[in-house]
Protein chains: 2
Amino acid sequence: MAGDGAGGPSGYGAAVHEFDADTAVEAAGEGRFRATITDRWHIGLAPNGGYLLAVVAAALGEALPHPDPLTITAHYLRPAEAGPAEVTVEPVRTGRSLSTATAALVQGGRERLRVLATCGDLDAGPARVPVTRVRGGPPDLPPPERCERRDPPEGGFAPPILERFDTRLHPPPGWVAGRRDGEADLTGWIRFADGRDADARSLVLFADAFPPAVFEVTEAGWVPTVELTVHVRARPAPGWLRARFSTRFLVDGWLEEDGELWDEAGRLVAQSRQLALVLPVPGG
Amino acid sequence: MAGDGAGGPSGYGAAVHEFDADTAVEAAGEGRFRATITDRWHIGLAPNGGYLLAVVAAALGEALPHPDPLTITAHYLRPAEAGPAEVTVEPVRTGRSLSTATAALVQGGRERLRVLATCGDLDAGPARVPVTRVRGGPPDLPPPERCERRDPPEGGFAPPILERFDTRLHPPPGWVAGRRDGEADLTGWIRFADGRDADARSLVLFADAFPPAVFEVTEAGWVPTVELTVHVRARPAPGWLRARFSTRFLVDGWLEEDGELWDEAGRLVAQSRQLALVLPVPGG
């Protein structure tokens with residue numbers, strides 16, 4: 001179902017999916033792309049960082065000969081906003097199997113994030129030494145239909161981004177019930193609410209789509225991402241993703257958050273790490 | 001002792017340390033720096049990626065108002081070589097507490113690595129919500145004097161970089177004795193062989209200075225880094241560093257390696273993750 005494009009007038013699956021509509025880019029000259037940032041992926045007053053990165057990844061996919069962001073890093077400079085944006089892509093090196101580029105997302109003359117990415121083709125087959133050795137597996141979860149769908153209010157209001165996903169956190173985090181006595185670990189199921197399957201590009205958004213794991217140990221108004229790196233390790237099978245996010249080192253308000261995304265076939269499809277900052281509850 | 005600079009004619013600590021000599025940069029115009037890549041940090045036929053990144057970090061430290069690379073990502077485009085290099089720095093955003101820039105290291109007109117970094121000041125004090133919650137600690141190791149110093153031959157020869165560090169792996173990895181039957185975990189002590197203390201900038205090199213953890217599970221000629229990200233979390237205390245490196249997901253020859261560096265005060269000073277590739281043993 002991914003990337004159906006515009007279809008017939010009535011079928012559910014035939015409509016343009018939210019993710020595709022809201023990350024579409026249009027070529028506007030050498031290395032330049034026009035995009036429209038919507039408010040449907042907002043957390044609080046600003047768009048989610050993973051959403052912005054997915055828009056940039058769409059431009060990279062257009063500009064480079066290799067389709068998949070194997071490793072992509074974003075540095076967030078200032079909040080973005082709903083409205084038009086320009087994405088510029090500067091290729092750094094184009095090789096046979098990998099392409100590297102920088103990209104920037106600019107609104108109103110102000111750059112919102114800078115990206116550095118190396119893209120490849122996940123269907124290209126194994127590397128020259130195709131050895132596999134995997135430790136660990138997806139989180140152990142009851143089937144999604146037995147996990148409660150829960151759109152946790154954050155600070156009393158539900159940000160629009162919650163409606164874009166079907167998220168089944170398990171076990172339910174304590175902070176939803178007002179307890180912050182656990183560890184900063186979150187596991188659960190996630191998929192797009194409108195039924196679109198995950199693909200390589202959308203994994204950069206899924207890597208930033210759970211609530212912050214650090215909510216379990218401290219009250220925070222906002223946990224802005226300074227830097228997010230995602231390694232896309234495989235093209236996901238259709239269906240649900242299983243996710244695991246953890247923060248181990250919250251020091252003086254600075255924290256990392258590590259993420260893993262697994263597909264229904266039990267394969268690790270992405271790893272992520274971000275550096276972020278706990279900011280106060282407004283008025284708190 | 002860090003950054004002593006040139007001192008008296010005789011004292012051990014008064015000499016310019018190898019790291020400082022070999023990562024020195026000289027301003028050469030707006031955003032341009034000259035450097036000399038030495039062969040003292042070679043692994044095989046090419047300089048270590050962490051060393052190259054430390055040279056770039058030196059240029060960032062000169063070009064930006066904030067001294068410390070809080071989060072720095074390098075994408076390695078092609079091997080570098082001993083000889084002159086130019087580092088160019090393009091500031092992206094300079095804020096009150098953080099600066100973001102891209103940088104490139106170029107030799108003979110060919111770019112060797114592209115870097116994206118956000119710098120700050122580790123002495124600036126805690127963030128606005130100075131909460132601390134740490135899980136895990138440094139690896140449990142016997143004192144360094146009770147761990148054997150071992151410069152493991154890699155493929156039968158000892159690369160020059162081994163002489164730059166005093167590395168005490170504990171437990172000793174099985175592959176040193178020809179066994180590859182363990183897990184891809186390495187722990188041990190490390191410091192510069194010439195007594196220079198670690199500082200924030202040199203942590204980007206220490207994050208890439210252990211042998212690959214994946215040697216424990218597969219024979220590899222070379223494990224080139226595609227991308228390396230280092231979060232510098234604190235300024236290290238003088239003395240030894242304790243390090244932990246692990247690979248959990250080696251799939252079709254692609255792998256991540258996660259690292260932690262801890263100082264003698266027991267504080268996490270850096271976290272790292274790289275995406276790398278297993279390449280064949282030459283002639284193997």
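**Entry 1: Ala124(A)**

I looked up Ala124(A) and found it partly exposed, because 13 other C-beta atoms lie within 10 Å. The cut-offs I used are these: 20 or more other C-beta atoms within 10 Å of a residue's own make it buried, 12 or fewer make it exposed, and anything in between is partly exposed, with C-beta atoms placed from the backbone. Ala124(A) sits in the loop between S8 and strand S9 (133-134) of chain A. I also checked Ser97(A): it is 27 residues from Ala124(A) in sequence, and the C-alpha to C-alpha distance is 8.2 Å.

**Entry 2: what I am working with**

This is a predicted model, in which local features need pLDDT of at least 70 and side-chain atom pairs count only at pLDDT 80 or more, while totals for chains, interfaces and linings use all residues. Residues are numbered from 1 along each chain as its sequence is written, and chains are lettered from A and ligands numbered from 1 in the order in which they are written.

**Entry 3: chain A overall**

I counted three helices and 16 strands in chain A. Helices (H or I, at least four residues) and strands (E, at least two) are DSSP runs, numbered from the N terminus. The radius of gyration of chain A is 18 Å, close to the 19 Å from the globule rule for 284 residues, so chain A is as compact as a globular protein of that length. That radius is taken over C-alpha atoms, and the rule is 2.2 Å times the number of residues to the power 0.38. Along the principal axes, the C-alpha atoms of chain A fill a box of roughly 50 × 45 × 45 Å. Of its 284 residues, 50% count as buried. I then took the contacts in chain A between residues at least 6 apart in sequence, and 70% of these join residues at least 24 apart. A contact here means C-beta atoms, placed from the backbone, within 7 Å.

**Entry 4: strand S5 of chain A**

How many of the residues of strand S5 (residues 68-76) of chain A are buried? Nine of the nine are, so S5(A) is largely enclosed by the rest of the structure. I looked for its partners next; two strands pair if DSSP finds at least two bridges between them. S5(A) runs antiparallel to strand S8 (residues 110-120) of chain A, and eight bridges join them. Within this pair, Ala74(A) has Val115(A) as its bridge partner. S5(A) also pairs with strand S12 (residues 225-232) of chain A, again antiparallel, over five bridges. There, Thr73(A) stands opposite Thr229(A). A reminder to myself: in a regular strand the side chains alternate between the two faces of the sheet.

**Entry 5: the two copies**

Chain B superposes on chain A by a rotation of 180° with 0.0 Å of shift along the axis, at RMSD 0.0 Å. The two copies are thus related as by a two-fold rotation axis. In chain B, the C-alpha nearest that axis belongs to Leu116(B), at 3.4 Å. The superposition is by least squares on the C-alpha atoms of residues with pLDDT of at least 70 in both copies.

The contact takes 48 residues from chain B and 48 residues from chain A. On the side of chain B that touches chain A, strand S16 (residues 268-277) of chain B gives the largest share, five residues. That side divides into 22 nonpolar, 13 polar and 13 charged residues. In this count Ala, Val, Leu, Ile, Met, Phe, Trp, Tyr, Cys and Pro are nonpolar, Asp, Glu, Lys and Arg are charged, and the others, Gly among them, are polar. The copies meet through the same surface, because 100% of the interface residues of chain B are also interface residues in chain A.

I found strand pairing between the chains as well: two bridges join strand S14 (residues 249-251) of chain A to strand S9 (residues 133-134) of chain B, in the antiparallel sense. Leu250(A) stands opposite Arg133(B) there.

Most residues other than glycine have a negative phi, and most peptide bonds are trans. Against that, I noted a cis peptide bond between His170(A) and Pro171(A), with omega about -5°. Pro171(A) lies in the loop between strand S10 (165-169) and strand S11 (185-192) of chain A. In chain B, the peptide bond from His170(B) to Pro171(B) is cis, with omega near -5°.

Asp252(A) has a positive phi, near 55°. Asp252(A) lies in the loop between S14 and strand S15 (254-262) of chain A, and it counts as partly exposed, with 18 C-beta neighbours inside 10 Å.

Technical notes: Contact = placed C-beta atoms within 7 Å.
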